[in-house]
Structures are given as structure tokens and as C-alpha cells.
Amino acid sequence: MLGASVENKAIYNALKNNLLSYKGIKSRVVNGGDYFRRPGKQIVKIIFIGKTIRLALALNPDDYDYNVYHQKNRGAMKKYSDTPMFVKVQSLLGVRRAFKLIADLMEKEGVKMAKKPQYDDHLYNLTYYNNEE
């Protein structure tokens with residue numbers, strides 16, 4: 001994550017800030033990306049694969065138009081059984097579509113927005129934390 005391009009860092013920060021603006025959503029950074037949970041359930045993963053950010057969501061991919069989201073169903077893989085909808089996020093349009101999917105997911109889960117999303121540079125905080133150790 002730390003070696004990502006400026007555009008990918010901005011996309012990552014926008015997605016993470018949006019997700020953390022919902023009540024009860026907690027983040028856990030792991031080697032493969034960033035996992036988001038609500039109590040008792042994993043609902044979103046932000047994953048870096050190569051130079052691309054991918055979003056795995058706990059939504060049914062068949063409920064969404066493929067021509068709009070270009071989603072894949074990864075539910076057969078054990079790693080993505082909780083979050084089967086797999087979407088690439090590569091541009092500003094992709095970020096807006098990801099926000100729409102996140103809003104649909106939170107509505108389905110019954111989670112309300114706690115606050116208006118604010119900008120916070122999570123990668124800078126991660127870099128600072130790693131340099132302290």
C-alpha cells in the first residue's frame with residue numbers, strides 16, 4: 001500500500017473515509033489490504049492486487065448490472081465467501097460507483113451514517129506508525 005501511486009492512495013483514502021463514516025464499522029489493516037467489519041460480520045475488503053485497487057463487498061453480484069459495475073462473483077473462493085462481489089476501482093467514476101455500492105450495502109445491513117465523511121490521510125498515519133517501531 002505504501003508504494004502505491006498518488007491516484008491509488010487518493011482512491012484508498014476516499015474509500016476508507018467513506019466506510020469509516022458509518023456507525024459501528026471497524027477497520028483492520030492486513031498484508032493483503034484493509035478489512036472492514038461490523039460486529040460479528042465482515043462486510044468489505046479493500047485489496048491491492050498489482051497496481052489496482054479492488055473492492056470486495058458482501059453483496060450479491062447478480063443484483064447489479066454487469067455493464068455498469070463490471071463485477072465478478074468470487075463467492076466460490078473461501079477467502080471471499082463473506083464478500084463475493086469483486087469490483088475494480090481505478091478512477092473517479094469508479095469511486096462514485098463504489099460509494100453507491102457501499103451505500104446499498106449499508107442500507108441492506110441496516111447501518112446508518114454516523115458523520116459526514118471527512119478527509120484523513122490513512123496511509124500517512126500508517127507510514128508514521130511503521131516508522132516509530
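The largest nonpolar core of this predicted model has 29 residues, and those with the most contacts inside it are Leu15, Leu55 and Leu57; such a core is a set of buried Ala, Val, Leu, Ile, Met, Phe, Trp, Tyr and Cys residues joined through side-chain atoms within 4.5 Å. Two or more residues of this core come from each of helix H1 (6-20), strand E3 (41-49), strand E4 (52-57), strand E6 (85-89) and helix H3 (92-109), with H3 giving the largest share, six residues. Because the model is predicted, local features need pLDDT of at least 70 and side-chain atom pairs count only at pLDDT 80 or more, while totals for chains, interfaces and linings use all residues. Residues are numbered from 1 along each chain as its sequence is written, and side-chain values use heavy atoms, with hydrogens and water left out.

**Overall architecture**

- The protein has four helices and six strands, where helices (H or I, at least four residues) and strands (E, at least two) are DSSP runs numbered from the N terminus.
- Along the sequence, these elements follow the pattern α-β-β-β-β-α-β-β-α-α.
- Of the contacts in the protein with a separation of 6 or more, 61% are between residues 24 or more positions apart, a contact being heavy atoms within 4.5 Å.

**Burial and surface**

- Buried residues make up 42% of the 133 residues in the protein, with buried meaning under 20% relative accessible area, exposed over 50% and partly exposed in between (1.4 Å probe, protein chains only).
- The accessible surface comes to about 8,000 Å², and 50% of it belongs to carbon and sulfur atoms; the areas come from the Shrake-Rupley method with a 1.4 Å probe, and for residues only the protein chains shown count as cover.

- Not counting residues up to four places away in sequence, Leu55 touches Leu15, Val44, Lys45, Ile46, Met85, Phe86, Val87, Val89, Ala98 and Ile102.

**Asp34, a buried acidic residue**

- Asp34 lies in strand E2 (residues 33-38) and counts as buried because its relative accessibility is 0%.
- The side chain of Asp34 is joined to that of Tyr12 by a polar contact of 2.6 Å and to that of Ser27 by one of 2.7 Å; a polar contact is a pair of N or O atoms within 3.5 Å, and within protein one must be able to donate a hydrogen and the other to accept it, while residues adjacent in sequence count only if both atoms are side-chain atoms.
- Residues that Asp34 touches, not counting those up to four places away in sequence, include Lys16, Arg28, Val29, Val44, Lys45 and Ile46.

**His70 in a loop**

- His70 is in the loop between helix H2 (66-69) and strand E5 (72-73), and it has a positive phi of about 50° although it is not a glycine.
- His70 counts as partly exposed because its relative accessibility is 46%.
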